[in-house]
Amino acid sequence: MTGASGLPKPDAAQALPHLARRGFLLGGAALLGAGGLGVARWFNVLADPDAADALSAPEAHAQALSGAITLVDIRRPDEWARTGVPEGGLPLDMRRADFTEVLLAEVGATGAPIALICARGVRSRGLSARLREAGFSRIIDVPEGMLGSGAGPGWLARGLPVIQVSDQ
């Protein structure tokens, strides 16, 4: 069988496996690319530790102990139970419906300096933006988090002290 060009037309049975392989390879490449982006977000590899609204874990620890900031550990209670809460930190689960109200009661004013820490800086970055929208004006991120990220090794790897808490 020939096509309009006069050249033999491949039969459909020969063309389909080739197209299927190409689709599989393109789909696999897209999946790997998307997975890579997901991993990059999960580990916060693009975090900027030098941002004006960021503190390293040691800086956050020192400022929390001196009273210059309120350090808030926004992770879940099961995470606090596994690793402890940063010394000088306030454990406050960001999933609480009354999170903003409890935070405001703890710090006293929307202009108080508040540093947020989570596992790897992803949740703290997102919550920082939401708190600014809610009127808090001095939100600081600890982008390396407790477990480390692109911003640094993390609270635990740096050997900073933690307070053990039970799963609440």
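**A buried aspartate and the core beside it**

Mentor: Asp93 counts as buried because its relative accessibility is 9% (buried is under 20% relative accessible area, exposed over 50%, partly exposed in between, with a 1.4 Å probe and protein chains only). Before we go on, this is a predicted model, in which local features need pLDDT of at least 70 and side-chain atom pairs count only at pLDDT 80 or more, while totals for chains, interfaces and linings use all residues. Residues are numbered from 1 along each chain as its sequence is written, and side-chain values use heavy atoms, leaving out hydrogens and water.

Asp93 sits in the loop that runs between strand S3 (89-91) and helix H4 (99-107); helices (H or I, at least four residues) and strands (E, at least two) are DSSP runs, numbered from the N terminus. Its side chain makes a polar contact of 2.7 Å with that of Arg95 (a pair of N or O atoms within 3.5 Å, one able to donate a hydrogen and the other to accept it; residues adjacent in sequence count only if both atoms are side-chain atoms). Setting aside residues up to four places away in sequence, Asp93 touches Ile74, Arg75, Arg76, Pro77, Trp80 and Phe99, where contact means heavy atoms within 4.5 Å.

Two of those partners lead us onward: Ile74 and Phe99 are among the residues with the most contacts inside the largest nonpolar core, which has 17 residues (buried Ala, Val, Leu, Ile, Met, Phe, Trp, Tyr and Cys joined through side-chain atoms within 4.5 Å). H4, strand S4 (114-117) and helix H5 (122-133) each give two or more residues to this core, and H4 supplies the largest share, 4 residues.
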